[in-house]
Amino acid sequence: MTKVLMKGNEALAEAAIMAGCRHFFGYPITPQTELAAYMAKKMPKIGGVYLQAESEIAAINMVLGASAAGKRVMTSSSSPGISLKSEGLSYIAGSDLPAVIVNVQRGGPGLGGIQPSQADYWQATRAIGHGDFHLMVYAPSTIQEMMDLVKLAFDNADKYRMPVMILSDGMLGQMMEPVELNEKEGFTEIEKPWAVTGHKNKREHNVVNSLYLSPARLEELIKERFARYDVIKKEEQKAEEYLADDADILIVAYGASSRISRTAINEARKEGIKVGMVRPITLWPFPDKFIEKHIDHSKDFLCVEMSMGQMLDDVKLAVNGKKPVHFSGRTGGMIPSPQEILDKIREIKEGK
Amino acid sequence: MTVVFDKPKALRDVPFSYCPGCTHGIIHRLVAQAIDDLNIEGDTIGVSPVGCAVMNYDFFACDMVQAPHGRAPAVATGIKRANPENIVFTYQGDGDLAAIGTAETVHAAARGENITIIFVNNAIYGMTGGQMAPTSLKDQITQTTPYGRDTNYSGYPIRVSEMLATIEGAALIQRVSVDSVRNVNQAQKAIKKAFEYQIAKKGFTLIEVLSTCPTNWGLDPVESLDWLRKHMMPHYPLGVFKDIGEEK
């Protein structure tokens with residue numbers, strides 16, 4: 001075990017390599033640049049493939065091809081680029097293919113900006129592409145956690161045969177933190193009898209496909225997929241609880257905004273205000289189990305995001321009208337200060 | 001009884017979904033025959049397009065992947081880079097390859113991606129009911145050019161083979177036709193050669209096949225073959241546009 005100082009984007013790339021990813025298809029975009037650059041430097045040295053595609057659209061379709069061929073494969077981009085990948089993601093989901101997609105979020109809509117943002121929550125959890133399907137979405141808040149979640153993302157992509165997203169942002173991507181590299185841990189790849197590797201005249205041909213002209217058959221397949229989603233909702237919810245058990249005000253925040261919220265919580269506690277936090281680590285499945293257990297004792301909920309309030313919808317669904325749900329957020333690449341969150345906490349405390 | 005003519009092994013025994021008189025069937029046979037002749041079915045991965053040939057993942061006996069519209073060369077790239085020893089081909093129509101998938105096509109060629117593209121050019125969008133394609137001819141009447149393609153308004157038909165021949169990564173670019181026995185034989189040789197080049201790792205190969213669409217052209221199958229010869233061939237001349245095997 002060695003401890004090293006790494007930049008978020010590079011640590012994410014290294015974690016993917018450690019998880020057995022040897023195929024990466026990318027396209028340049030800020031602020032995910034270092035991730036692709038790391039892959040470009042490292043992959044040729046370890047017999048892997050780094051290929052710069054002509055567009056994000058091509059990159060995600062190369063991912064589709066390599067995944068169909070049975071490989072652990074990844075692509076990364078940032079918000080506008082993820083929009084371009086949405087078509088491919090729908091096909092990947094519709095073809096039951098595993099893949100890991102990284103979104104280092106920046107401000108939107110349109111070309112938006114290049115500063116950190118969390119405004120792609122709806123896109124990641126609701127509408128990443130056309131049709132009835134989900135991605136699993138992981139939202140790390142430290143570089144170490146980002147590395148740990150990358151391995152889990154690859155394992156779960158294979159296990160559930162579906163695309164998994166790491167939802168990072170420009171702040172986590174660009175900051176440096178010490179991380180432990182557990183090189184010995186290794187990885188085990190599962191058998192993929194469905195992969196297209198050539199039938200060698202030994203089996204029927206394999207077909208990777210998302211077209212079903214019979215609506216009855218298509219409905220049946222989607223229902224099978226949703227049965228899998230039900231298992232995921234039951235088994236895979238992850239969240240961290242911070243000073244949550246006695247909290248009067250429960251903050252719900254993920255990723256970069258949870259780090260700032262933590263500082264605000266510590267300040268509020270010094271003032272005697274009982275504030276705690278549930279920090280979703282999976283955004284889909286949304287960790288409603290973790291919210292539900294705090295509904296009775298919490299007087300108020302406060303959702304903090306770097307957007308106009310997107311996860312807010314899921315928090316309200318989980319709280320289900322039983323307690324007030326407040327919101328505090330900045331958007332467009334603006335990062336909220338702990339003071340702003342503290343002011344909101346005081347405001348809620350005073351019943352304003 | 002002696003069998004003198006049979007279906008290639010690389011075609012599965014399922015009914016095609018093509019209209020009567022359409023030449024997709026012939027082209028499928030030629031691709032399958034080349035796979036049989038080279039004994040590569042067990043190592044071959046095909047990529048189906050969106051369009052009339054979308055369901056050919058059911059027709060070819062090798063492993064198959066169905067790609068989003070126009071993205072087949074990118075999907076094929078992913079497959080080939082994952083397992084370079086596999087033989088990878090795409091089968092795409094003119095809308096798929098020369099409109100929505102232009103970037104994927106051009107850049108697969110530019111990378112010298114060691115894949116084979118079978119490009120079926122029938123100058124129309126067949127599956128969606130006969131709209132103007134990037135290869136529709138000047139004055140051609142389609143559902144979306146009901147008064148004929150006005151090149152001042154809708155632009156000019158793209159000559160894909162000529163365009164790709166300028167790219168260094170391309171190893172073999174040839175245009176063939178399936179309008180006559182002689183041309184079918186030529187097409188068979190070209191398709192086989194493209195696969196041979198891929199096996200020899202020579203780089204990007206594309207065989208453009210002029211094909212008919214009796215249903216959407218509003219002609220019977222024989223008239224369609226005449227229309228192909230009379231209208232398509234002058235704009236899309238047959239021939240070899242790039243062959244690195246010939247350049248020594």
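Which strands of chain B does helix H2 (residues 72-82) of chain B lie across? Helix H2 of chain B lies across E1, E2, strand E3 (87-93) and strand E4 (116-121) of chain B, and runs at about 175 degrees to E3(B). Angles here run from 0 to 180 degrees between N-to-C directions, with axes fitted as lines to C-alpha atoms, for helices over the stretch in contact. Helices (H or I, at least four residues) and strands (E, at least two) are DSSP runs, numbered from the N terminus.

Before we go on, a word on the model. It is a predicted one, in which local features need pLDDT of at least 70 and side-chain atom pairs count only at pLDDT 80 or more, while totals for chains, interfaces and linings use all residues. Residues are numbered from 1 along each chain as its sequence is written, and chains are lettered from A and ligands numbered from 1 in the order in which they are written.

Let us stay with H2(B). Eleven of its eleven residues are buried, so this helix is largely enclosed by the rest of the structure. Buried means that 20 or more other C-beta atoms lie within 10 Å of the residue's own (exposed: 12 or fewer; partly exposed: in between), with C-beta atoms placed from the backbone. Among the buried residues are B:Pro73, B:Ile79 and B:Arg81. B:Ile79 touches residues of both chains, including A:Ala66, A:Val196, B:Ile45 and B:Val65, leaving aside residues up to four places away in sequence. Contact here means C-beta atoms, placed from the backbone, within 7 Å.

That brings us to the place where the chains meet. The contact takes 29 residues from chain B and 34 residues from chain A. On the side of chain B that touches chain A, H2(B) gives the largest share, eight residues. The residues of that side divide into 15 nonpolar, eight polar and six charged. For this count, Ala, Val, Leu, Ile, Met, Phe, Trp, Tyr, Cys and Pro are nonpolar, Asp, Glu, Lys and Arg are charged, and the others, Gly among them, are polar.

Now follow the strands. An open sheet of eight strands runs in the order E9(A)-E2(B)-E1(B)-E3(B)-E4(B)-E6(B)-E5(B)-E7(B), with mixed pairing. Two strands pair if DSSP finds at least two bridges between them. The edge strands, each pairing on one side only, are strand E9 (207-208) of chain A and strand E7 (239-243) of chain B. E9(A) joins E2(B) in the parallel sense over two bridges, and A:Val208 has B:Val65 as its bridge partner. Further along, four bridges link the parallel strands E1 (residues 44-48) and E2 (residues 63-66) of chain B, where B:Val47 stands opposite B:Val65.

In strand E3 of chain B you will find B:Phe89, which counts as buried because it has 26 C-beta neighbours inside 10 Å. B:Phe89 touches B:Thr44, B:Gly46, B:Ile115, B:Thr116 and B:Ile118, not counting residues up to four places away in sequence.

Finally, look at the nonpolar core, a set of buried Ala, Val, Leu, Ile, Met, Phe, Trp, Tyr and Cys residues joined through C-beta atoms within 7 Å. The largest such core has 186 residues, and those with the most contacts inside it are A:Val150, B:Ile79 and B:Ile118. Helix H6 (residues 143-160) of chain A gives the most to this core, ten residues.

Technical notes. Two residues are in contact if their C-beta atoms, placed from the backbone, lie within 7 Å.
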